[in-house]
Amino acid sequence: MKKTRASLMAGGLLIVMLFCGGATLIQPQAATQAATTSSPIQHVVLISIDGMHAVDLMRYVQSHPNSALAQLSSSGTTYTNASTSKPSDSFPGVLALTTGGSPVSTGVYYDNSYDRLLSAPGSNCSVKGTEVVFDESIDKNPDALDGGGGIDPAKLPLDGSKGCTPVYPHSFLRVNTIFEVIKANGGLTAWSDKHPAYDLLNGPSGNGVTDLYNPEINNASGVTGSVAKTEAYDDLKVLAVLNQLDGLDHTGANKVGVPAITGMNFQAISVGQKLKGVGYTDVFATPNDGLADALNHTDASIGKMLAKVKANGLQSSTMFVISAKHGQGPIDPAKKQLIVDSTIPGIINQVKPGLVAKATQDDAALIWLSDQSQTGAAVYQLAFGPNQKSAGISQIMADDSLRLFFPDPRSDSRAPDIIVLPQSGVVYAGSKATKIAEHGGFSIDDTNTAILISNPTMAGGKVIKSPVQTMQVAPTILKALGFDPQQLQAVQKEGTSVLPGM
């Protein structure tokens, strides 16, 4: 992604931890499974603390000098001016970290998007053009923690160019992942995330992650309605990572060796930022009690991973990377403004009934049109004074202004025709929604993040304030492990560089 003014206004937190050391070390608990390279770094623990901003990390380290995050900060490099993906949704956010690319190369704009060449589930490919939804709705049983056994192919979009076959998340991705590269070079790979749809990280090969554990967060137990329940949910994935650091699979039942890369995302902070009565208390990102508890619980979990690495003698050969797929906004609770998510589609459909083929809205709006020849008319309708005010619009990207950042929607089947960037604090949601923050937009609160790379062998406490992007994490990880970052297709396409100072 080009470093434009818009691309530097970014949000989530990423911490990368690296432990460097002997390449042939064998632990008494289990043999380590590392790729065969001459690099002293043989293992990476990649952590996404979803929703965590750079300011959250800074404040926490300063106020908790004995915390795990402070320990990592004291023996690592922190990048305080990092930008996550735009849009700052979870799917493009995690792909930035794991492919080195943006939607320009990945073709993934959201977990709920549109493709003009695919067909709807169950349609027999009779009509092209369908929404592409990769969330809990594609589970065999969304109410079950295991998704009822994973993804239901009957709920997936269909590809008429390939015999009308279901399109799984991994096959929707246009470029390879670090998991595929590491596995191809002889390393075990592992990851844990929040939906079975994170099959996405297997990459186009379909098997990039050796040990993939994705318990469904939106199950019937109501996890996301409570910080405490979300912390308990996160604990399931923490246990999986601890087992993997012991050289076992995520269940703890089988010895397989310590992965060359493992990691997970934490959800408790993101949930706490959204819940009414939790969140932040002021513009300075002072956390409410519930959010403070989520921060403490997440830090304690990272501390368990650090302790496990030390206990297994892997401290010098492991690199931890901690970040976030996305931030969350608004931070300042006084700025929050809910606008009903039928507003923008209603305005555009005044031009022509049914003109909106798909609208994906959180704190930005991505619009795909059923008739692209009406793009100009739709933009003029949105920009009309009263409409612009009622929809809380700050900026409209379309035609040339959109093509500066993304592929041309007239030639790329997935690029939205219009992107609406709202005024600061605006959240598009249902009329009964109670959430006080959201992600997915382009604002600073959504996209500004920190990156922390820590290893006992590194000069500690280093801070780099020059602008960087979370896309640079992926090539940095491969470089640290002794692999050529150019093995990542997105790195080749977008010219993504290794993080400075490494």
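My entries follow, by topic.

**Ground rules.** This is a predicted model, so I kept local features only at pLDDT of at least 70 and side-chain atom pairs only at pLDDT 80 or more, while totals for chains, interfaces and linings use all residues. Numbering runs from 1 along each chain as its sequence is written, and side-chain values use heavy atoms, with hydrogens and water left out.

**Cores.** I looked for nonpolar cores (buried Ala, Val, Leu, Ile, Met, Phe, Trp, Tyr and Cys residues joined through side-chain atoms within 4.5 Å). Buried is under 20% relative accessible area, exposed over 50%, partly exposed in between (1.4 Å probe, protein chains only). The largest core has 50 residues, and Phe 134, Ile 178 and Met 319 are among those with the most contacts inside it. Helix H15 (473–480) is one of the elements that supply at least two residues each; the largest share, 5 residues, comes from H15. I also found another core apart from it, of 38 residues, including Val 238 and Leu 314. Helices (H or I, at least four residues) and strands (E, at least two) are DSSP runs, numbered from the N terminus.

**Disulfide.** How many disulfides are there by the rule of sulfur atoms within 2.5 Å? I count 1. Cys 125 and Cys 164 form it, with sulfurs 2.1 Å apart, and the link is right-handed at 105° about the S-S bond. Cys 125 sits in the loop between S4 and S5 and Cys 164 in the loop between S6 and S7, so the pair ties together parts 39 residues apart in sequence. Cys 164 is partly exposed at 25%.

**Ser 73.** I found Ser 73 in helix H2 (residues 68–74), buried at 16% relative accessibility. Beyond neighbours within four places in sequence, Ser 73 contacts (heavy atoms within 4.5 Å) Val 61, Thr 78, Leu 452, Gly 460 and Gly 461.

Conventions. Disulfide = S-S within 2.5 Å.
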